[in-house]
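Hello,

Here is the structure I promised to pass on. Have a look at it first, and then read my notes below.

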Amino acid sequence: MSTPSNYIQSALFEFNRHKSYGDTVFEQLREVDIHWRYDEESNSIALIVKHMVGNMLSRWTNFLSEDGEKTWRDRETEFKNPYRDKAQMIAAWEQGWDCLFEALNSVNETNFNTTIKIRNEPHTIFEAVNRQLAHYSGHVGQIVFIGKMLRGNEWKSPTIPKGGSEAFNKKMFGN
């Protein structure tokens, strides 16, 4: 039977996995790549990260005691004025993830049943974590997709590379 502790550990594992996908993409990007956009309506990697960080800081700061949509958050500005360089973007990325990990590591058997709010809607911790895991994995998927387009033949997949399933399965199953 799953316990709150098992659930949080599983969620932390998945959040860490998605963070590592982004980290792998960032290692491959040139400075100019973080600002590339398909068109005027599209978001660059720098803007996607800015939005994710704004969301993370809002959702996870004092998440057991305050609404996840903070009064100081201005979501619309997250899609304007991207980070000036890769170092600034990565520093913000780390800050957002640190906030999330600190918050999740504060969850235990005594507070797991706390009702939290996001935009004044009540959520169980289970619901709120699942909501954010889905949100961030979607954006990390965008980052991976853009990175792959930009790097082309030089791309190194953060997951099983195309054509690598058989080798991966041999490694995992020992065949």
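Let me start with Lys70, which touches Ser58, Arg59 and Thr61, leaving out residues up to four places away in sequence; a contact here means heavy atoms within 4.5 Å. Before going further, please note that this is a predicted model, in which local features need pLDDT of at least 70 and side-chain atom pairs count only at pLDDT 80 or more, while totals for chains, interfaces and linings use all residues. Residues are numbered from 1 along each chain as its sequence is written, and side-chain values use heavy atoms, with hydrogens and water left out.

Lys70 lies in the loop between α2 and α3. Helices (H or I, at least four residues) and strands (E, at least two) are DSSP runs, numbered from the N terminus. Lys70 is buried yet has no salt bridge, and Glu66, the nearest side chain of opposite charge, is 4.1 Å away. Buried means under 20% relative accessible area, exposed over 50% and partly exposed in between, with a 1.4 Å probe and protein chains only. A salt bridge needs a side-chain nitrogen of Lys or Arg within 4 Å of a carboxyl oxygen of Asp or Glu. A polar atom of the Lys70 side chain does lie 2.6 Å from the backbone oxygen of Ser58.

Now for the chain as a whole. It has five helices and two strands, in the order α-α-α-β-β-α-α along the sequence. Of its 175 residues, 42% are buried.

The largest nonpolar core has 45 residues, and Phe15, Val49, Met52, Trp60 and Ile143 have the most contacts inside it. Such a core is a set of buried Ala, Val, Leu, Ile, Met, Phe, Trp, Tyr and Cys residues joined through side-chain atoms within 4.5 Å. Its largest share, ten residues, comes from α4. Beyond its neighbours within four places in sequence, Phe15 is in contact with residues including Trp60, Trp97 and Tyr136.

α4 itself has 27 residues and reaches 38 Å from its first C-alpha to its last, close to the 39 Å expected at 1.5 Å a residue, counting one less than its number of residues. After α4 comes Gly152, with a positive phi near 55°.

Finally, look at Ile48 in helix α2 (residues 45-60). Ile48 is buried, with a relative accessible area of 4%. Leaving out residues up to four places away in sequence, Ile48 touches Asn43, His139, Gln142, Ile143 and Ile146.

Enjoy exploring!

Best wishes

Note on methods:
Lys and Arg count as positive and Asp and Glu as negative; His and the chain ends are not counted. A polar contact is a pair of N or O atoms within 3.5 Å; within protein, one must be able to donate a hydrogen and the other to accept it, and residues adjacent in sequence count only if both atoms are side-chain atoms.
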